[in-house]
Amino acid sequence: MSDSNVPINRPTLAVWKFASCDGCQLSLLDCEDELLTLAKAIRIAHFTEMTRASTLGPYDISLVEGSITTAEDVERIKVVRANSRYLVTIGACAATGGVQALRNFAAPGEFAAIVYAHPEYLDSLNTSTPISSHVRVDYELQGCPIDRGQLLEVLLAFLAGRRPVIASYSVCQECKARGTVCLLVSRAVPCLGPVTRAGCGALCPSIDRGCFGCFGPSDDANCDALATRLKGLGTTESSVARLFGTFNTAAPGFAEQAQALRVNVAVSDTRRRTPEEPRS
Amino acid sequence: MAADLPPDLGDSVVVLTVQGLDELVTRLSALGYEVKGPTRGESAIVPGSVKSSDDLPRGVHDVQSPGSYRIVHNDDDEELFGWAVGPESWKKEYFPSSQVMWRGEVVGDTVVFRQPDRSHTPLAIVGARPCEVVALRILDRVLEEGVHRDARYSDRRDSSFIAVVECASPADTCFCASMQSGPGIDQGFDVALTELNDEHGHRFIARSGSPRGADVLSSVPTRPANELDLEARTLLLETASRAMSRSLPYGEVANLLARNVDHPRWTEVAERCLSCGNCTSVCPTCFCSDVHDTTDVGGAIERRRTWSSCFDLEHSYLHGGSVHESSASRYRQWMTHKLSTWWDQFDSTGCVGCGRCIVWCPVGIDITEEVAAIAARDEVRVGVPSRRGAS
């Protein structure tokens, strides 16, 4: 930066990647209109998506993307924590284990055997766990991917020393605020909005798609009651379980509903494998 | 309610045709109002811009039940108001879901405050339902007539023109008759219309409820209402009242809930309640809000007020935690406030019987059914199960 208005002692920001797709980190680069202004207030010290230049820590704020899936991750996140004044996780992977947490509920190696020709080359843990299972986390930003407006809000709140204005209520309230007619009530479209945390601005319902829960459970979400209702409206049990079992499959509340699918799959697999079962 | 016209109104009751209604809309636009009314959305009747009667939901009806809403269209039907209320009340026009309270800027060592521009185009609503007008009167007591007058709300309310249309097509979920807020209405409007479509033609009985309503009515072609018109209206409203299968015990419910704060039903309903807040969002009288300050990198500050719901944990968050941690206590807070403590606070009920909370609850929790369930076990007291047996 050659701008003489840029203060020398700006707080430093580092961005770290664990098991993830990089989409959440990219949200920072997506802040195109604000990025240069932000860079006058924060010094980006480590962000490999943006630059290979990297400054040694400690850092004032670390954004952590991804879940913990290897033995090396377990150690690396401790180093990140030790070098960060504030640690903010970004996205569903970091907050709940992400879609890769599907493996948590399967037999070890079951998914890898399907996906990889030589799973024996892999050296990973049998589980995908959130950052908060390993180190103290100061703030968790939800979403798959996160909302760039919320990311900016967290950074601006940090700079001002205030609490970020981030909702923990349901997506429904965003639909109502923007005037989107409820898909579930008016068309029986399966929607996780009532149990999903707001933050996206009710993006999917506004384009006629039911919410698929990418921001994870809202406060005190009653997933049992919603699952019962969706089944009552004709959504099959496995579709309901699949709905809950995506990007936040291991999140408390969602996990129990997604589990129903696993149990049923296991039962039907057993049936298929039982030779003495009479043909119907 | 209001099925019988007060005798002194007799002479001022007129009749206008659909063309007359169009002229009324044109007249309101000419007077500088932004005219809005019910319009046909993709899957529901929603507020929208109205330039003429062609924008109104002609031939559109609805089928509503707990957790379900469908619109049905009938091409042969000329009726413009043959439906019950849709998801959105007129609350949002006066009490927006999000609005800036003030902006500020850090200039050197000081903060400069700026009031947002409060100028606005006055709104005319053509086709509000009686329950919605009664709901606005309830909101007036909260936001305009209390100790802390909400200037933004007042500005918009005072400048707006309301043409209410009495209700002839209540949904299965409506219970305004029992809440004394419909299907007819006799105050709180500028113009009241009743749509008639019989062998004597498609027409509207019209009454004015304010001097400006009278002015507007006198500027459009009308004829005096006759005996047949008035009888048709009476019959229409009586039929609508009788068609409502749901009800709440208007005079009783406040005390019923007040003496049943420990009723086991609160826990039972909590098993179904999603805590999603849809009921409070669609309620035409829910007025809770939250206030947040945000900052930007350049030193700009903004204070914004947004809708809030008593179903959110944050809503009752005080130092150290939420007062209403359980879903049961949140549901109880909502319903007892709406039907019981609202009387203590604002000297009225907080419910107008529009049924939106029933229809737009994703799991179809029915406030009338919940009250009935509490009434059915009115004498049950948690912890004192054998009171009657012991005596």
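Two strands pair if DSSP finds at least two bridges between them. Strands (E, at least two residues) and helices (H or I, at least four) are DSSP runs, numbered from the N terminus. This is a predicted model: local features need pLDDT of at least 70, side-chain atom pairs count only at pLDDT 80 or more, and totals for chains, interfaces and linings use all residues. Residues are numbered from 1 along each chain as its sequence is written, and chains are lettered from A and ligands numbered from 1 in the order in which they are written.

**The sheet of chain B**

Chain B holds an open sheet of eight strands, with mixed pairing and the order 3-2-8-9-10-11-1-12. Its edge strands, strand 3 and strand 12 of chain B, each pair on one side only. Strand 2 and strand 3 of chain B are antiparallel over five bridges. There, B:Pro38 has B:Pro47 of strand 3 as its bridge partner.

Helix 5 (residues 211-218) of chain B packs on this sheet. Contact means C-beta atoms, placed from the backbone, within 7 Å. The helix touches these strands:

| Strand of chain B touched by helix 5 | Residues |
|---|---|
| strand 1 | residues 14-17 |
| strand 9 | residues 161-165 |
| strand 10 | residues 191-198 |
| strand 11 | residues 201-208 |

Helix 5 makes about 145° with strand 11 of chain B. Axes are lines fitted to C-alpha atoms, for helices over the stretch in contact, and angles run from 0 to 180 degrees between N-to-C directions.

**The domains of chain A**

Chain A is divided into domain 1 (12-160) and domain 2 (171-272), with bounds from an automatic or database assignment. Their centres, taken over C-alpha atoms, are 25 Å apart. In chain A, 15 residues of domain 1 contact 15 residues of domain 2. Helix 4 (residues 92-96) of chain A gives the largest share of the domain 1 side, three residues.

Note on methods: Contact = placed C-beta atoms within 7 Å.
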